Structures are given as structure tokens and as C-alpha cells.
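Subject: Structure handover, with notes on what was found

Dear colleague,

I am handing over the structure we spoke about, and I would be grateful if you could look through it alongside the notes in this email.

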Amino acid sequence: VSGLPAFSRSEPILPWFFDHLHDDPIALRACSLTCSAWVSLARLHLFWTADLTCQRLCVRFLVLLDSTLDAEDYKSTFLGEFVQVLRLPTFSLDKRMKNSGRRYEMVCRICRRLPNLRVLVVERFDWPHFIEHLCPDEDTVDIGDLLASVFAFPRLEQLRMRTLSYAIPGDVLQLISTFPNLSSLELVRLVGRARGGDDPPSTAISCGELRAAIRLQELIVDKWSSSIPSLRDLLENLFKPPFELRLRKLHWKTGDPDEDLVTDVRGVEEKVLTKLLYGANETLEELTLSLARDGQYAIIVYSDPPALIMTISYHTGWLGQPELPISGHRSLRKLALIFRFPRNGLVRWPSVPGFISRIHSDALRELNLQFMSLWDSFHWDCVDWDSMADALIILHRRHPSILFTFRFSFYISHRPMPVAVAPLKERLRRALEKGTRVVAFREGLGLDYVYNPSKPGVLDSDCGVIFSTRTEL
């Protein structure tokens, strides 16, 4: 058949055929009715993802699981065996609601029927009230054992924790340490508090209780949308047993610099990021940094009667710190730097050219620089472009095949979008004359409204790409 890849006689064509129909449920249902030998392959794709957005879907899914579990040949027909991705529901589990107990039991029954789950998405899940149902008497029960009894997913590889609030930091850490084969962890929009003096220590399951250490290979941290106390204990405990960091991918989104001046004066999160980079010196292949500012001004006011004394000092940004271990990452293949512009004021990143010129990885193949200006103007003074051209020339000499990508993202409004390609070409002329490969993207962004099932009548807004143009300089 024209267009199909060449298969050897020993390689079956059916798995490839059903992979091609992965997002076509009508065709998959037809295939399952055509041949009994195709039923398992069709069901694997039909029930690959269980997206439980509301109570009605939970009830229907649980009835379906129970009906196949009670069948005589359940070992071959049980649908729970095929589910690979689970998104937990977003409904309330508050005990003050008369059906909260039923909802809690329904979530537990569904989770206990998915033995082959590989991806768990915990987004807008009512975690505090779930813990109240799970562990009504916190002093006498080991919450780790209870979590393991509900989330019994020995094959789980990815845990996505998004838009989650919690009261006791140790509970979330216990959930993370429940999965022995976990390799990817995402922490986005976490809201909580730091561990207080009355809280139990934030500890995970000890190494003696696990067959092997939990080796994390991918870590996504969004400090911008999370509260600093909610991340501090989690991140610091990832350096302790039973976790063993072997990071190949690291995505770090910095927080609001104005907020950090108050809540993170000592730069705890930057120290954690530096420690993560040191630990992944030999393994890191992809690094993405989303930055709000390079350096920042700190205003310190203290009393010296009869007057107040104010001092203003400038703190060099994290990128400009000479002790950064970026030059020692020999396996780094892809580096992405995302620069976020505020609504008002001019922001500069003077340390960027020096940062990228210190990269000595033999595997480096791609460098992406994205400028996200959510308004209808762009300040070219944000970067020293002469130094940027010198940095590109240095990297090109070390890696002649490297591709440099510049992406300019603007909000679509009634005003014309700023011109980006021609000014960029003029500022990188010296680098282009040396033969560097540079590609520029100009993107139009717009608000994308998404239905939030946990808040009926309320739409979540997010920024999405409306159109994009690509130009090779």
C-alpha cells in the first residue's frame, strides 16, 4: 500500500495500524466488532485515557469496570487492564456535603481497578478533603500505607500535580514516594504552606521499605504560579532517600521577582535550582528555563534613631553567577530560555550572552530563545545584541551543526504586531556572516478559554498560539 512503511515478515503490522487509529474511536469500535483477535488492541486505545471530569463520568466508568470484572473471562476482558492515563475528578469531597462519602468511595474503587496505570494527573483534585476521608484520625494511622492502598500503581512512570492545594506538606511527599517506578514529576500551581513546628516531619518512605530507589529523570517546576512555601519542602526532600535524581529533562519557571524580594530574600529556590544542575552534571540532556528577570534591586530599610536609613543594592541574576555548572554539562542536547516581559517597565537580561557562551556540551544541537511580550510593544534593549552575536559565533565554532531559534510571541490586539524578523537579522548580521543557522518565529497569542468542571459557570483563561510564521535568516 502506498505510503505505508516497509515491514519485515516478522514484524506485525496490526500494532502500527491501531497506533494510526489511536484518536479515532469510531474506527476503533468498528475494528473491535470486525475480528475477535482485534478486540484487545482496539480496547487498548479506546480506554488508554480515563478523563474523569465530573461525577457522571465517574459513575459510568465504574459501572463499566465492574461489569467486565464480574465476567467469567474477566482476565481477557477486564477494561481496567487497558487504562494507561488517569485524570482524577475535580468535584468536591467536603464532608459537609451529603454525597461526599459516596464520591470518595467511588474514587477509591476506580483507582484500585487500574493495575497498569502509567500516568496520573492530579489537577484541581480536592486533596485536603480527600485526606480527611482517608485518614480521619491522623495520630494513629500511617498515611503512607493508606495512600499506597488507594493509589496502587506499581508501573506508574509520570505524576502530574497541577493546581493543587494542601494543608500538610508531608502528605504530598508521601504520595510522590508511593510509586517505585516514578521517573517524571510535574509541580505546577501548588498552593500550601511551609512545615510548622507542630507538623510532623516531611519524610518520604524509607529506602528499606522500597525495593529500589526512585530515580527521577524528568522534573517540571513552575514557581511562578506556586507559593514558595508549598515548594520548598518538596524540592529539598527530593535530594533525600528514597529519591535518586538522574535528571535528563529539567523545566524550571522562575517566580515573580517582586514577590521573591519579600518571600524568598535568601534565594532558596535559586540555590535548589543550582543544586539540581550540579546533581545532573552528567545526565542532563534538555534544559528549559523560563525567566521573569535577570537581576533585581533590593531596597533595605532599617531604623537608626532618630532617622530611617534606606539602602538600594543590585543583585546579579541567577544566570550571571560565575559558579553555575552549565559548562560542565557534556550531555546537554537542547537548551531553551524563555523571557517573560511584564506589563509595565523595561526588563533586561544582561547575563544571557555570557551564560550561553559558557556551554561546552559536545552533544548540543539546538538553542531556543523565546521572548514573550504579551503586549503590543517590544523593547530591543532587553539584551546586549552585540554580545549575543559574539556568543552565537562562539557556539557555532564549537558546534557547526547547531540550530539557533528565536521566537517572538505577542498578544493579538487592535494594534499592529511589532516587526521582529528584520530587526533581528540586522542585530545578528555578524553571526550570520559566519554561517550560523538562525530561524526566527513570529507568533500571535490569544486568550483560550477552557471549561473548568470544578467551577460551573467559570471559564479558565490561558494563552494560546493563534498563528505562527517561520523565517530562516
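Predicted model: local features only at pLDDT ≥ 70, side-chain atom pairs only at ≥ 80, totals over all residues.

The chain has 473 residues, of which 45% count as buried, and it contains 16 helices together with 15 strands. Among the contacts in the chain with a separation of 6 or more, 78% are between residues 24 or more positions apart. The accessible surface comes to about 24400 Å², and carbon and sulfur atoms account for 52% of that area.

Helix packing

Two of the helix pairs involve helix 7, which spans residues 127–134. With helix 6 (residues 100–111), helix 7 packs at an angle of about 90°, the axes being 11 Å apart, and the two helices are therefore roughly perpendicular to each other. On the side of helix 6 the contact is made by Ser 100, Gly 101, Tyr 104 and Cys 108, while helix 7 contributes Phe 130, His 133 and Leu 134. Sorted by class, the residues of this contact are four nonpolar and three polar, with no charged residue.

With helix 8 (residues 143–150), helix 7 packs at an angle of about 100°, and the axes are again given as 11 Å apart; that makes helix 7 roughly perpendicular to helix 8. Here Trp 127, Phe 130, Ile 131 and Leu 134 of helix 7 meet Ile 143, Leu 146, Leu 147 and Val 150 of helix 8, and the contact consists of eight nonpolar residues, with no polar and no charged ones.

In soluble globular proteins, nonpolar side chains tend to be buried together. The largest nonpolar core in this model has 113 residues, and those with the most contacts inside it are Leu 120, Phe 130, Phe 151, Ile 356, Phe 371 and Phe 406. Helix 14 (residues 385–398) supplies the largest share of this core, with seven residues. Apart from it lies another core, of six residues, including Phe 18, Leu 21, Ala 27 and Ala 42.

If neighbours within four places in sequence are set aside, Leu 120 is in contact with Leu 86, Leu 88, Phe 151, Phe 153, Leu 156, Gln 158, Leu 159, Arg 160 and Phe 179.

Backbone details to check

The peptide bond from Pro 241 to Pro 242 is cis, with omega near 10°, and Pro 242 lies in the loop between helix 10 (228–237) and strand 7 (243–253). Arg 124, although not a glycine, has a positive phi near 60°; this residue is found in the loop between strand 3 (119–123) and helix 7, and Arg 124 is partly exposed, with a relative accessible area of 26%. Arg 189 likewise has a positive phi, of about 55°, without being a glycine, but Arg 189 is found in strand 5 (residues 184–191), where its relative accessible area of 37% makes it partly exposed.

Glu 285 and Lys 249 are 36 residues apart in sequence, with 6.1 Å between their C-alpha atoms. Thr 283, which is partly exposed with a relative accessible area of 23%, touches Arg 246, Leu 247 and Arg 248 once residues up to four places away are left out. The C-alpha atoms of Thr 283 and Arg 330 are separated by 8.3 Å, although these residues are 47 positions apart along the chain.

Gln 55 belongs to helix 4 (residues 55–69). Its C-alpha atom is separated by 7.6 Å from that of Arg 103, which is 48 residues away along the chain. Leaving aside neighbours within four places in sequence, the residues in contact with Gln 55 are Phe 91, Asn 99, Arg 102, Arg 103 and Met 106.

With best regards

Conventions. Residues numbered from 1 in each chain as written. Heavy atoms only, no water. Helix = DSSP H or I, 4+ residues; strand = E, 2+ residues; numbered from the N terminus. Buried < 20%, exposed > 50% of the residue type's maximum accessible area, 1.4 Å probe, protein only. Contact = heavy atoms within 4.5 Å. Areas by Shrake-Rupley, 256 points an atom, 1.4 Å probe, with all protein chains shown as cover. Axes fitted to C-alpha atoms, helices over the stretch in contact; angles between N-to-C directions. Parallel < 35°, antiparallel > 145°, perpendicular 65-115°, else oblique. Nonpolar A, V, L, I, M, F, W, Y, C, P; charged D, E, K, R; others polar. Core = buried A, V, L, I, M, F, W, Y, C linked by side-chain atoms within 4.5 Å.
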